[in-house]
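Subject: Structure for you to look at

Hello,

Here is the structure I promised to pass on. Please open it next to this email and follow along.

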Number of protein chains: 2
Amino acid sequence: MQKRIKKIQDFLAQEKIDGLLVLNPSNRYYLSKFELKDVQYNESAGFLIVTLDDVYLFTDSRYFEEARRYFEQDKIFIYAKDKFNYIRDRLKNKLKISTLGFEYYYFPYEFYDHLSGSFDLVPTKYLIEKIRQIKDERELDKIITSNKLVSEVFELLPDYFQEGQTEQELAWFIEKFFREKGALELAFPSIVAFGQNAAKPHALPSARKLKKNEVILIDIGCRFQDYCSDQTRTFWFGDKPSTDFTFNFNLVVKAQEKAINFIQPGREIREAYFLVKDFFKSYGVDQYFTHALGHGIGLDTHELPSITPKNENKFEPGMVITIEPGLYYPEWGGIRQEYMVLVTEKGARII
Amino acid sequence: MQKRIKKIQDFLAQEKIDGLLVLNPSNRYYLSKFELKDVQYNESAGFLIVTLDDVYLFTDSRYFEEARRYFEQDKIFIYAKDKFNYIRDRLKNKLKISTLGFEYYYFPYEFYDHLSGSFDLVPTKYLIEKIRQIKDERELDKIITSNKLVSEVFELLPDYFQEGQTEQELAWFIEKFFREKGALELAFPSIVAFGQNAAKPHALPSARKLKKNEVILIDIGCRFQDYCSDQTRTFWFGDKPSTDFTFNFNLVVKAQEKAINFIQPGREIREAYFLVKDFFKSYGVDQYFTHALGHGIGLDTHELPSITPKNENKFEPGMVITIEPGLYYPEWGGIRQEYMVLVTEKGARII
């Protein structure tokens, strides 16, 4: 935690910023352990102020007790009525802040409106998100444990599939498994898609019943000890897989393998995407690969780096990413295979 | 839906605003049925533009199929790379917008930065939230069904309580009940608190085991067909309730009854709060009542109106609110009773 904060403070010193306001919940949690999530969209649990030599929390009285677990009492500021007057006063007079950094993508206009007259506001972009890309040992342990639950349920599933079962029933079986094994929640709404539904990269489980001789695509993950997991498998339910299924399944598996073998520190992230796109192109199917190749994963299911044609950054040891090529055909369904992968000093390792 | 949009459009016409940008997910859903939630904090499913004569959706390609269920194709704008150039162009040239309203509390600085140079930006505060306060028949039906599940589980619980059971086990029993009855999710993290934990208004379920002769406080709700429910009951587990329990339980029940009997269209919302506060004061316990008396509930668990000393508005027929007085004593626990109440033409009805 101290290392993480030190990185922010070095940045602040270099940019001559007196303090950074952090209200993205995952960023807030990453730097303090305080409240990983807000209870609802319009209700923030509060924000941090990272100064050159300390970290402070601004929150409301409901969170005081929780805040005390992670902050000394004099580092906690409780706002009530007249919230922004209070915030302005404490920032200026207690913390001696005049130049205030903020998170460009999340800072609400309300905050801008109340603070821009009193501080030099400096937008920062993905400052904490970039640090979060590189996982430390403890984070990695948690991610691996979280991901192990996903692998475990995938072992069970083939025996559980049954004709007439609905997508929703299967999704609930999976969720119960995660929860009963100690997961806090799903990492994202499960995708359990039969037949043509598998052609939609973001299908929600429906009341559609499983029929013989069709595709089952399952994209699932859980949050365990705060960290997210995310894997996908595509199954054939029935006797002998169709030619379409077998052909595309083999291509997707091969593409995934190629991408994972390609990954190395120093190589450009987008090159992994192009490798897969070009491989599909050589079989004339690249137009059916319609999304990114993968994404970073950690406190959020989707975090940096994105494995897209736009990403000019390089792979670095400690990154945890998904590799999830897919091919989708509205007539009969789709295939996606997704593993989580750790970038190591020498290459990449499936976790 | 048309009525809701008409109200917004009347406001826009009156304020000479060409279009309103709506990105709060509950507001977005309320006006379009498109995506009640964003998948994670930093990933918006898109936003609406309500113009004087229509409603448009801006989203990314992942949501196109879902969008088509609620919008004609020419009302959907898909952004990709160069997102804000695209948005600016479509707003200006297709939709002929020059004055653009936005949601003061949620509009991210990123949007402000990209749009303020090209449009007259006009903040709006709680415009849609105020319309959402008054529920129509269909919303009310869904809220009642959602709330019925909570009442049902409260019927089962006393037989299920068992010495040695943990708060977490009980919370999972409740959640499974909701989900197996068709609820989409919990409306908020369940509060299941034994003994002293009941003194914390926002306790999270722990591994603490239930002992004989202590308090059980349970504050739970689910989301069913999109609508939230929220109720609290406090139980005594054991033989004969302690004097403290009985005394405070009776006061809280009485306070709740008084508040519900007080509610009438035309009466000030804050007066309900003061009535309870004063009632507790007459018994010398008002300092143990530490939170609001209640809140509106609907697509969000917490929405307008808040039943607080600050709220100078009046009760109106169609409001659905919680009434939840509580008294908290760190030494032994706390009591809270919470019902959901519909404001009718003549008074208030527990639902």
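Two strands count as paired if DSSP finds at least two bridges between them. Keep that in mind for the hairpin below. Also note that this is a predicted model.

**The hairpin in chain A**

Strand 16 of chain A connects to strand 17 of chain A by a hairpin, with 3 residues in the link. The two strands run antiparallel, and 4 bridges join them. Strand 16 covers residues 326–329, and strand 17 covers residues 333–336. One bridge to find on screen: A:Gly326 has A:Arg336 of strand 17 as its partner. Now look at the directions along strand 16. A:Gly326 and A:Tyr328 point one way, while A:Leu327 and A:Tyr329 point the other way. All of these residues are buried.

**Chain A as a whole**

Chain A holds 10 helices and 19 strands. Its C-alpha trace spans about 75 × 40 × 35 Å along the principal axes. Of its 351 residues, 56% are buried. The accessible surface comes to about 15300 Å², and carbon and sulfur atoms account for 48% of that. On charge, there are 48 positive and 52 negative side chains in chain A. The centres of these two sets lie 1 Å apart. Take the contacts in chain A between residues at least 6 apart in sequence: 64% of them join residues at least 24 apart.

**A sheet in chain A**

Chain A also has an open sheet of 3 strands, in the order 7-10-11, with antiparallel pairing. Strand 7 (185–186) and strand 11 (227–228) are at the edges; each has a single partner strand, so one side of each lacks a neighbour in the sheet. Strand 7 pairs with strand 10 (residues 222–224) over 2 bridges, in the antiparallel sense. Within that pair, A:Leu186 stands opposite A:Cys222.

**A sheet and a helix in chain B**

Chain B has an open, antiparallel sheet of 3 strands in the order 8-9-12. Its edge strands are strand 8 (191–194) and strand 12 (231–237), each pairing on one side only. Neighbouring strands here are turned by 10° against each other on average, direction ignored. Helix 7 (residues 137–160) of chain B packs on this sheet and touches strand 9 and strand 12. The direction of helix 7 makes about 5° with that of strand 12. Strand 9 (residues 214–220) and strand 12 of chain B pair over 7 bridges, antiparallel. One of the pairs to check is B:Ile220 with B:Gln231.

**Helix 2 of chain B**

Is helix 2 of chain B enclosed or open? In this helix (residues 25–32), 8 of the 8 residues are buried, so the rest of the structure largely encloses it. Among these buried residues are B:Arg28, B:Tyr29 and B:Tyr30. The cover includes helix 1 (2–15), strand 1 (19–22), strand 2 (47–51), strand 5 (99–103), helix 6 (127–132) and helix 7 of chain B.

Next, go to B:Leu36, in the loop between helix 2 and strand 2 of chain B. B:Leu36 counts as buried because its relative accessibility is 11%, and the cut-off for buried is under 20%. Leaving out residues up to four places away in sequence, B:Leu36 touches B:Pro25, B:Ser26, B:Tyr29, B:Arg223, B:Asp226 and B:Leu299. From B:Leu36 to B:Asn24 is 12 residues in sequence and 9.1 Å in space, C-alpha to C-alpha.

Best wishes

Definitions and conventions
Residues are numbered from 1 along each chain as its sequence is written. Chains are lettered from A and ligands numbered from 1 in the order in which they are written. This is a predicted model: local features need pLDDT of at least 70, side-chain atom pairs count only at pLDDT 80 or more; totals for chains, interfaces and linings use all residues. Side-chain values use heavy atoms; hydrogens and water are left out. Axes are lines fitted to C-alpha atoms, for helices over the stretch in contact, and angles run from 0 to 180 degrees between N-to-C directions. Contact means heavy atoms within 4.5 Å. Buried means under 20% relative accessible area, exposed over 50%, partly exposed in between (1.4 Å probe, protein chains only). Accessible areas come from the Shrake-Rupley method with a 1.4 Å probe; for residues, only the protein chains shown count as cover. Lys and Arg count as positive and Asp and Glu as negative; His and the chain ends are not counted. The place of a charge is taken as NZ of Lys, CZ of Arg, CG of Asp or CD of Glu.
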